[in-house]
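Keep the model open as you read. The paragraphs below take one part at a time.

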Amino acid sequence: MTPRRKRLLAVLAILAGVGIATALAMLAFRENLLYFYNPTQVLAGDAPGGRTFRIGGMVTQGSVQRTPGSLEVRFVVTDYRNSVPVRYEGLLPDLFREGQGVVAHGRIDASGEFVADEVLAKHDENYMPPEVAESLHAPTPMQVPE
Amino acid sequence: MIPELGHFALIVAFLLSVAQAVFGLGGAARRDGAWLAAAGSAVVGQFVFVALSFGALTWAFVERDFSVLYVATNSHSELPLFYRVAAVWGAHEGSLLLWSLCLAGWTLGVVAASRSLDAPFRGRVIGILGIISIGFQLFMLATSNPFTRLVPAAPEGLDLNPLLQDFALAVHPPILYLGYVGFAVAFAFACATLIEGRLDAAWARWTRPWTLAAWMFLTIGIALGSWWAYYELGWGGWWFWDPVENASFMPWLAGTALIHSLAVTEKRGLFKSWTLLLAVAAFSLSLLGTFLVRSGILISVHAFATDPARGAFILAFLGIVIGGALVLYAWRAPRLASSASFEPTSRESFLLLNNALLVAALSLILLGTLYPLFMDALELGKVTVGAPWFNLMFLVPMLPLLLLLGIGMHAAWKRGHLLTVRSRLWIAAGCAIAGALLIGALAYADLRPITTLGFALALWVMLSSLLMPLARLRARQPLPAAVVGMVVAHFGVGLATFGITGVQSFKVEKDFALAVGEAASIGGYDFRFSALRDVRGANFTGVEADILVSRDGEKVTMLQPQKRLYNSGGNPMTEAGIEVGPTRDLFAALGDNLGEGRWSVRLQYKPLIRYIWLGAILVAFGGLLAALDRRYRLPARARDAQTSAATAS
C-alpha cells in the first residue's frame with residue numbers, strides 16, 4: 001500500500017467512525033431530551049402524554065400535604081395563572097418550601113396529576129429557577145441584604 | 001479604608017497587566033531588550049498587587065466588615081474563621097479575584113522558570129498571559145467589583161451558603177482554578193509559537209511540565225467536587241452530568257488529549273499543529289466553563305451568579321481570546337507541517353487513537369451541554385439532556401480507549417511490532433477476564449455483560465500498567481519519573497474504572513419512612529433507626545439520628561446523619577452519615593418529620609465507590625511525578641544531547 005492510499009483509508013475510517021457515532025448520538029439524544037413546561041402549558045395539552053418531562057413553578061402556599069407516617073407527599077405547582085397537582089414519594093430536597101420555586105421530573109397520569117420521580121429545588125434560597133422566573137414574567141430576585 | 005486599598009491595588013494590577021501585555025508583545029516585535037525586561041518586572045508587580053488586593057478582601061472577611069457588599073452577602077458574624085477565609089471565593093466576585101490571583105501566580109512561575117528561553121518568545125508568552133489578565137481584571141473592575149461598599153453598613157451578614165461551609169468545598173475552587181488557569185500557560189506557549197511560526201522539540205518539552213501541573217490540579221479539583229457532591233448534597237451520587245461538572249470535565253478531557261499529543265510532538269516532531277490546537281482548546285474550554293458557570297445562563301444546581309451584563313462581557317472576552325487564537329491558528333498552523341512516517345501499530349498510532357477517542361468524548365459532552373442553550377436561545381423550548389444519555393454516550397469512546405490503553409502503553413515509537421511483550425499482554429488479558437468473572441460471580445453473584453466488561457477492562461488496564469515497569473526493570477532499562485508517572489496515572493484510570501463499574505452496577509438507593517425502633521434493609525445490611533436527639537453546633541442547631549447498621553445480626557457501624565438549621569436562618573441542611581469501607585460505603589441521610597413519629601430516611605449501599613476517588617488521586621499523582629521528571633529541569637545543552645541520543649536510539 002502506498003502512503004497515500006494508507007492515508008486515504010485512515011481518513012475514510014475516521015469519517016465513517018465519526019458518522020456512525022454522530023448518528024447514534026443523535027438517535028439517543030432525541031430519546032433523552034427532557035422538555036420543560038409550566039402549568040399553563042401542561043393544562044393546554046402542550047406536554048407529551050406518557051413521556052417524562054419537567055414541570056416548574058412555585059409551590060402554592062398551604063398546598064403541601066403529607067400522608068402521615070408515609071413518604072407520600074402532594075403539593076400544587078403554580079405559575080400564578082394555572083396550577084397542577086403533584087404527587088411524589090421520597091425525600092424532598094432541603095430547599096423545598098412552600099412559596100419557593102421548584103422543578104419536578106416525572107409524567108402526567110390519567111387523572112391529570114403529575115407523578116414526580118424527582119423533585120429539585122435550587123441550592124440558593126433567594127434564587128428562582130430561570131425557567132420559572134421566565135414563565136412567571138417576573139425578574140429574578142436580587143441578592144441584596146435588607 | 002482597607003477595602004479601598006484593595007480596590008486601588010486591583011486597579012494598579014490592571015494597569016500592570018496592560019504594561020505586561022504591551023511590553024511583552026511589543027518588546028518581542030521590536031526585539032527591544034529593555035521592553036522585554038520591563039515585561040518581566042510588570043509580571044512581578046502585577047502578582048504583588050493582585051495578592052495585596054486578595055489580601056484586602058480576605059482581611060474584610062476575617063474582620064467581618066459588613067460595610068462591604070460582597071462580605072455582607074457572603075459572611076456572617078458567627079461564621080468560623082476557616083469558613084470566613086473560604087468565603088472569599090464563595091461567590092462570583094471573589095472567585096474572579098481568586099482566578100486572577102491564580103493567573104498571576106502561574107505567570108510569575110513562568111517568568112521565574114523561563115530564563116533559558118529565547119527572550120522574544122518569552123516576551124510573547126508573558127504578553128499573551130497579560131492579555132488574559134487584562135480581561136479578567138477589567139471584568140472585575142467594570143461589572144463585579146468585590147470591594148463595593150454597602151451604605152449604610154449591614155448590621156449582620158447574610159451568611160455563606162451553608163452548602164459551602166464544608167472543607168472539600170472550601171479547597172475545591174482554588175485547586176480547580178489552578179487547573180483551569182494553568183492551561184493558560186500552554187495556551188500562551190501555543191499562541192507565541194504560532195506568532196513565531198516555528199515549533200521544535202524544545203517547545204514541546206517546555207510545555208509538557210506546565211500542562212501536566214495544570215492537569216494535575218484540575219484532576220484533584222474535579223475529584224474534590226465529586227466527593228463533595230457525594231457527601232454534602234445528600235444525594236449520594238458522585239457525578240450528575242450537571243453542566244457545571246461538564247464545564248470542568250471538558251477542559252480536563254482536552255488537557256488529557258493534550259498531554260498525550262505533546263508526547264508525540266516532543267519525541268517524534270509529529271502532530272504539531274494538532275497539539276497547538278489542543279492547547280488552544282483546553283484553555284478555551286476553561287474559559288467557556290467559567291462563562292457557563294459565572295454568567296448564570298445555566299439551569300443548574302451549582303450556578304450561584306446570575307447577571308446577564310456579566311454574561312455579555314465574558315462572551316465578548318471569550319470571542320476575542322478564542323476567536324483570536326483560532327484566527328492565528330488558521331493563518332500560521334499550515335507552516336508547521338510535520339513529515340515523518342509511522343507504522344499502524346506504533347506508539348504514535350495508539351496516541352492518535354487516544355486523541356480521537358478523547359476528542360469524541362469531549363464533543364459529545366459539549367453537544368449535550370450546549371444543546372439546551374441553543375434550543376433556548378432559538379426559542380425552541382426549554383430542554384435538558386438527561387444523565388442516561390451522557391452515561392451511554394460516554395461509554396462508547398471510553399470502552400475502546402481503555403482497551404487500547406493497555407496495548408498502546410507497550411508499543412514502540414515508530415516501529416510496528418509488539419513482539420517483546422505480546423505474550424505477556426495475552427496473559428494479562430486472560431487474567432483480567434478471569435478476574436472479572438470471579439469478582440462478578442463470587443462477590444456479587446451477577447454476570448451482566450456490561451458489568452463484566454467494566455471489571456475486565458479495569459483489571460486489564462491495571463495489569464497492563466504494572467507490566468510496563470516490570471518489563472523495563474527486567475531489561476535493565478532506566479525507569480525515569482515520567483515513566484513511573486505514566487504507569488501510576490494509568491493504574492489510577494483502571495482503579496477508577498473498577499470503582500465506577502462497581503457502584504454503577506450494584507448500588508442501592510432507597511427512601512424509607514421510619515420511626516424510632518423500626519428498621520429497613522438494603523444490600524444485605526439492616527439499618528435500625530435506634531434514637532433521635534437534638535444537637536447544637538457553633539452556628540447551627542438540629543437533630544441527629546442514630547442508625548445502627550448490622551449484617552447477619554452483627555453490628556457493623558453506627559451512622560449519625562443530621563438535619564441542621566443554621567442560626568442565620570434559611571433552609572435546613574442535611575448532613576449525611578457515611579461509613580467508609582474498602583468494599584462499600586454505607587450512607588444514611590435524614591429527611592423530614594413525616595408525622596406519627598416517622599422520619600423520611602434515605603439509605604444507600606455504594607459498593608467500591610472509594611476507588612473512583614482513589615483512582616483520581618493516583619491519576620493526579622502520576623501527573624505530578626511526570627511533571628517533576630529530571631528531563632524537564634536539565635540545562636538546555638545537556639537536554640539537546642539527550643534528545644538527539646533518544647531520537648537516534
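**Where the chains meet**

Start with one pair of residues: Leu33(A) has Val385(B), in strand 1 of chain B, as its bridge partner. This is a predicted model. The two residues belong to a wider pairing. Strand 1 (residues 33–37) of chain A runs antiparallel to strand 1 of chain B, and four bridges link them.

Now step back to the whole contact. Chain B brings 40 residues to it, and chain A brings 34 residues. On the side of chain B that touches chain A, several elements each supply at least two residues, including helix 3 (69–74), helix 12 (347–377), strand 1 (382–385) and strand 11 (598–607). Helix 13 of chain B gives the most, with five residues. What classes of residue make up the side of chain B that touches chain A? There are 21 nonpolar, 13 polar and six charged residues.

Strand 6 of chain A has partners to look at. Strand 2 (residues 53–59) of chain A runs antiparallel to strand 6 of chain A, joined by six bridges. Within that pairing, Arg54(A) has His105(A) as its bridge partner. Strand 7 (residues 114–120) of chain A also pairs with strand 6 of chain A, antiparallel and over six bridges. Here Ala104(A) stands opposite Val119(A). Strands 6 and 7 of chain A form a hairpin with five residues between the strands. In this hairpin, Gly112(A) takes a positive phi near 85°.

Turn to chain B as a whole. Its secondary structure comes to 18 helices and eleven strands. The radius of gyration of chain B is 26 Å, close to the 26 Å that the globule rule gives for 649 residues, so chain B is as compact as a globular protein of that length. Along the principal axes, its C-alpha atoms fill a box of roughly 80 × 75 × 50 Å. Of the 649 residues of chain B, 54% count as buried. Take the contacts in chain B between residues at least 6 apart in sequence: 74% of them join residues at least 24 apart.

End with one helix of chain B. Helix 8 (residues 201–232) has 32 residues. From first C-alpha to last, helix 8 of chain B reaches 46 Å, close to the 46 Å expected at 1.5 Å a residue. Where does helix 8 of chain B bend? The bend is at Arg208(B), by about 25°, and Pro209(B) follows within four residues. Helix 8 of chain B is mostly covered, with 28 of its 32 residues buried.

How values were computed
Residues numbered from 1 in each chain as written. Chains lettered and ligands numbered in written order. Predicted model: local features only at pLDDT ≥ 70, side-chain atom pairs only at ≥ 80, totals over all residues. Expected span 1.5 Å × (residues − 1). Bend = angle between axes of the 7 residues up to and from the residue. Buried ≥ 20, exposed ≤ 12 C-beta atoms within 10 Å, placed from the backbone. Pairing = 2+ DSSP bridges. Contact = placed C-beta atoms within 7 Å. Nonpolar A, V, L, I, M, F, W, Y, C, P; charged D, E, K, R; others polar. Rg over C-alpha atoms; globule rule 2.2 N^0.38 Å.
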